[in-house]
Amino acid sequence: MDPEKREPQTIKVTPLQQMLASCTGAILTSLMVTPLDVVKIRLQAQNNPFPKGKCFVYSNGLMDHVCVCEEGGSKAWYKKPGNFRGTLDAFLKIVRNEGIKSLWSGLPPTLVMAVPATVIYFTCYDQLSALLKSKLGENETSIPIFAGIVARFGAVTVISPLELIRTKMQSKKFSYKELHQFVSKKVSEDGWISLWRGWFPTVLRDVPFSAMYWYNYEILKKWLCEKSGLYEPTFMINFTSGALSGSFAAIATLPFDVVKTQKQTQLWTYETHKSLIPRLIKIAPACAVMISTYEFGKAFFQKQNTGGQN
């Protein structure tokens with residue numbers, strides 16, 4: 001009677017449905033994690049004001065964004081003054097003095113890049129996993145590692161030029177004509193490869209994270225299903241597996257994160273020896289919400305597809 005205790009359905013979701021599920025997950029994750037990073041950046045800006053023209057890393061748990069400090073005034077959300085004694089104090093004072101919407105003031109740059117990057121990443125992973133399972137068998141343990149590596153390579157490669165262009169647009173109000181001239185000049189002077197500057201340090205951190213995350217996620221999900229006597233994972237099994245695998249991968253790849261930050265020498269950086277706890281606080285819940293929402297969305301579409309064939 002329990003649908004989760006039946007044998008898995010053979011009906012598959014389409015790539016478009018996978019894209020819709022991952023898009024929903026990315027939006028929900030961004031909504032949840034953005035306040036954490038807004039508070040973190042406001043605390044950092046209070047202690048170390050951003051130099052004009054410099055930039056800093058804004059991370060929402062799904063990916064990093066490079067935000068450039070504007071030339072004038074303190075209008076930007078990350079430059080607003082505040083006398084905060086700590087994280088909780090900052091949350092309370094921002095809500096009381098600026099309104100609860102201020103906690104999501106960093107959302108636009110997140111949605112612009114994180115949503116397409118996440119859609120590409122998760123859809124590529126699922127499509128490649130399905131292909132490899134059809135060739136190598138369902139129980140081949142190396143599939144999550146290989147699919148995670150290739151999917152992350154693809155997502156980073158596609159998004160890197162867009163991130164460079166978006167960063168340039170943030171630093172100054174560019175018209176599309178000026179933006180085209182900037183890209184054309186950069187390509188003519190430095191070649192097409194210049195559009196992927198920063199690609200290597202990003203890959204150095206994100207690819208090992210992806211390989212470890214997906215391998216641990218699939219192992220944990222299978223193990224928890226067996227312990228619960230289920231054929232199909234529940235929302236909580238996906239959530240727990242995502243949180244734990246994200247935490248493991250975050251701890252293991254922390255040195256790569258430090259290397260990435262140091263290589264991007266123009267960035268305003270945080271103290272690397274205090275990186276682990278803030279990284280875990282964001283990545284564990286972000287991974288949990290993203291994967292459980294994604295799997296829930298796929299299960300929903302799978303039921304729709306099954307119903308349509310009955």
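Is Y217 buried or exposed? Hi everyone, let's start there. Y217 is buried, and its relative accessible area is 0%. Just to be clear before I go on, this is a predicted model.

Now for the rings around that residue. There are 12 aromatic pairs in the structure. One of them joins Y213 and Y217, and this pair is stacked, with 6.0 Å from centre to centre and 10° between the planes. Both residues belong to helix α6, which covers residues 199–228, and because they are four residues apart there, about one helical turn separates them. Like Y217, Y213 is buried.

Y217 has another partner to show you. W214 and Y217 also form an aromatic pair, but this one is edge-to-face: the centres are 5.9 Å apart and the planes make an angle of 85°. Here, too, we are in helix α6, with W214 and Y217 three residues apart, about one turn of the helix. And what about W214, buried or exposed? The relative accessibility of W214 is 1%, and the cut-off for buried is under 20%, so W214 counts as buried.

Which residue lies over the face of Y121? That would be R152, at 4.5 Å from the ring centre.

Technical notes
Residues numbered from 1 in each chain as written. Predicted model: local features only at pLDDT ≥ 70, side-chain atom pairs only at ≥ 80, totals over all residues. Heavy atoms only, no water. Phe/Tyr/Trp six-rings, centres within 6.5 Å; stacked < 30°, edge-to-face > 60°. Helix = DSSP H or I, 4+ residues; strand = E, 2+ residues; numbered from the N terminus. Buried < 20%, exposed > 50% of the residue type's maximum accessible area, 1.4 Å probe, protein only. Lys NZ or Arg CZ within 6 Å of the ring centre and 35° of its normal.
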